[in-house]
Amino acid sequence: MPTAPMTLASAGDPGLAAFGSSLTAITLAELGDKTFFMALILAARHRPRWVFVGAFAALSLVTLLSLGMGYGLREWLPQTVVPWLAAALFLGFGVKLLVDAAGLPADAAKEEAQEAEAAIDAAESDGGIRGPGAVIWEAFVLVFLAELGDRTQFATIFLAAAPAFTFAGLLAGTLLGHALVTWLAVGAGQWIGGRISERVLYRLSGGLFLAFGLLSLWQAIG
């Protein structure tokens, strides 16, 4: 009797694998990102709890859109192609992150913070006192726009395209990663922000996605 090919899912619990992979990937990608500094700066100017609600709501919406796009690729393409596509996406993304890391200046995190502050200053140019609703909406809009096309969104899409990962596991891991980083930004951002190395985070993320790519390649060949 022919045996079923080995897959990443059959090597362990696919839900747990999806949760752990997405939690690690999103946490690394979000630390030191522009949205991290947006939450940090907004929390220094307004109530941190209001900023957290708006920022996390925006990240949750982008997560749902990104997971939908990734699962759309998985459903529309022939099942024989999907593992190869996942491997190619992971490997390509991992290589890109490592190449980008080599070209990052030493003060890359400072540049991200400056861009975030400029966007916030433009949004608050009227100088008015803001209530809870206005702050939540401001955080939501700024973070949502900054997250579109960001490396975190691409990471989520690529993870969702991998056939070994479950939707529930990816959703839980991604949202927890976003919640953790946003909480750190509004609660301890001033302390963490000055200690972040974008180059190191890019390298760690790149290595992680290369590992995902090799595992997906193993699945495609198996």
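Analyst: Among contacts between residues at least 6 apart in sequence, 92% join residues at least 24 apart in the protein chain. Please keep in mind that this is a predicted model. The chain holds 9 helices and 0 strands, so from the N terminus on its elements simply read α-α-α-α-α-α-α-α-α. Of its 222 residues, 48% count as buried, and the accessible surface comes to about 10,500 Å², with 70% of that belonging to carbon and sulfur atoms.

Now to the pair itself. Two packed helices are described by the angle between their axes and by the distance between those axes. Here the partners are α4, covering residues 82-103, and α7, covering residues 151-161. Their axes lie 9 Å apart and meet at an angle of about 155°. Because angles over 145 degrees count as roughly antiparallel, α4 is described as roughly antiparallel to α7. As for handedness, the crossing of α4 past α7 is left-handed.

Which residues make the contact? On the α4 side they are Val82, Ala86, Leu89, Phe90, Phe93 and Leu97. From α7 come Arg151, Phe154, Ala155, Phe158, Leu159 and Ala161. Sorted by class, this contact of α4 with α7 has 11 nonpolar residues, no polar ones and 1 charged.

How values were computed. Residues numbered from 1 in each chain as written. Predicted model: local features only at pLDDT ≥ 70, side-chain atom pairs only at ≥ 80, totals over all residues. Heavy atoms only, no water. Axes fitted to C-alpha atoms, helices over the stretch in contact; angles between N-to-C directions. Helix = DSSP H or I, 4+ residues; strand = E, 2+ residues; numbered from the N terminus. Parallel < 35°, antiparallel > 145°, perpendicular 65-115°, else oblique. Left-handed = near helix turned anticlockwise from the far one by under 90°. Contact = heavy atoms within 4.5 Å. Nonpolar A, V, L, I, M, F, W, Y, C, P; charged D, E, K, R; others polar. Buried < 20%, exposed > 50% of the residue type's maximum accessible area, 1.4 Å probe, protein only. Areas by Shrake-Rupley, 256 points an atom, 1.4 Å probe, with all protein chains shown as cover.
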